[in-house]
Amino acid sequence: MTLIPRLDLDRLDALPLDPSTKGLPFDAPPLTIGDVGGKGWNILKGDVPLPVAVIRSDILAGNSAWMGAFTKANDLLLAPHGKTTMAPHLFDLQVKDGAWAITVANAQQMEVCRRFGVRRVLMANQPVGRQAIDACFWALRAGDGFELYCLADGQQGLALLADGARRLPPPKGNPLQVLVEIGFIGGRTGARTRAEALAVARSVAATPGLHLAGFECFEGLLPTPQEADRLIDEVAALAGLALAEELFSANQSVVISAGGTSFFDRVGERFDKTSFGRPVLRVLRSGCYLTHDSIGYAAAFRRIEQETTLHLPPGGLSAALEVWAYVQSRPEKTRAIVGLGKRDIGFDTGLPVPLRWYRPGATTEPEDMPKRHEIVALNDQHGHMTLPVDSPLQVGDLVALGMGHPCTTFDKWSMLFEVDPQYRVTRALKTFF
């Protein structure tokens, strides 16, 4: 098992920023991405326009190190969902802390990884369409040692991959690595029966240019840990059946993988019970752990802390991603309007949560938001907050909001700021959605 090298951040930092980039000061001179951290901007001092998305560097580093320690302590490998952030600076942090690969969802995301030096990618999807499939094989033919894993769940999709391998045969020794995806009734993609999954595995093993790497699932849509257990167990069971049929190459390591953001304890505990008499790569694909959240994943982590039998390193995961906005109006005694909306912050797993507030020139640091302050609705550019009559908030105050499912906040920003504990901007984080 070989880990991958760090990324080419010099190439990333040299990219120019469009002056109209959301979050840049309106009077900013021409800048590269790497210039931003040296400008001395501070969110609390009004140096950048709001709303603005920030990631707290101390919490970010702690989350990354914690997950690295967790996977190492529990004999897991991490291939974090790069699609969560699409920020190569953050991919590099994950690689520094031991990532085995970066997981993506499509060929465009794979190409972003390749552009900045990610040497192993797991595409947690089945490529479909000539453009996407050819991109996979051209990447393998580039001659730079790039490794690619993708999924297959049926004979029709597999036939498309086989056609691609005939059009653009990959180099000897670097085939397209295929994981057979296991699904469940009512879920997304994935073979629904053992018979279907094994038939796909046999076809992969027999197809030139393709290589059967293992089996995987995405359990994140299941409602309970017990249902997740059953799907994760099926992945391991099918890997055992494929071994018994001698579908894997001699002496290869068998990959078994699952998503694991909400249920990473279940992935670890169930895969820990597997033993095949040959090396096994137990690959966890969690991605949202890096910034964590203030709603759903926070609740999932509390459950993990209470229930898991796995080793948990000291500390834990905390929310690092915030969106700051001004109080724009207080038109009623029990209602304030904040200057951010659906264009600025995710809302697909719950409305944003007010975390802190700050009054420029009057308070030395942000204070925790008092109780009974709640976002109750979002428009495109406005947030509706209910609050008690005696709320201290007034027009011009700054408010920090947390959210659930950080994926759908990242994709609203082409650039976020990393900030230190005093909210000084330390670098720009460019995204590629």
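Student: How much space lies in the largest pocket?

Tutor: The model is predicted, and its pockets are computed from the protein atoms alone. The space in the largest pocket comes to about 680 Å³.

Student: Which element gives the most to the lining of the largest pocket?

Tutor: The lining has 32 residues, with K83, R188, F218, G220 and L221 nearest the pocket centre. By class, twelve are nonpolar, 13 polar and seven charged. β8 (176-182) and α10 each supply at least two of the lining residues. The element that gives the most, with three residues, is α10.

Student: Among the residues where α9 meets α10, how many are charged?

Tutor: On the α9 side the residues are F264, D265, R266 and E269, and on the α10 side F301, R303, I304 and E307. Three residues of this contact are nonpolar and none is polar. The number of charged residues is five.

Student: What kind of aromatic pair do W66 and F301 form?

Tutor: The count of aromatic pairs in the model comes to ten. In the pair of W66 and F301, the ring centres are 5.4 Å apart and the planes stand at 85°. Planes over 60 degrees apart count as edge-to-face, so the pair of W66 and F301 is edge-to-face.

Student: How many residues apart are W66 and F301?

Tutor: W66 belongs to helix α2 (residues 57-73), and F301 to helix α10. The pair links distant parts of the chain, and the separation is 235 residues.

Student: Which helix supplies the largest share of the lining of the largest cavity?

Tutor: The largest cavity has a volume of about 50 Å³. Its lining consists of T261, F264, C288, Y289, H292, Y297, A300, F301, I304 and L317. Eight of these residues are nonpolar, two are polar and none is charged. The largest share, four residues, comes from α10.

Notes: Residues are numbered from 1 along each chain as its sequence is written. This is a predicted model: local features need pLDDT of at least 70, side-chain atom pairs count only at pLDDT 80 or more; totals for chains, interfaces and linings use all residues. Side-chain values use heavy atoms; hydrogens and water are left out. Contact means heavy atoms within 4.5 Å. Ala, Val, Leu, Ile, Met, Phe, Trp, Tyr, Cys and Pro count as nonpolar, Asp, Glu, Lys and Arg as charged, and the others, Gly among them, as polar. On a 1 Å grid over the protein atoms alone, a cavity is a set of points where a 1.4 Å probe fits but cannot get out, and a pocket is an open set with protein on both sides within 12 Å along at least five of seven lines; lining residues have an atom within 4 Å of a point. Grid points are joined across faces, edges and corners, and a volume is the space filled by probe spheres set on the points. Rings of Phe, Tyr and Trp (its six-membered ring) pair if their centres lie within 6.5 Å; planes under 30 degrees apart count as stacked, over 60 as edge-to-face and the rest as tilted.
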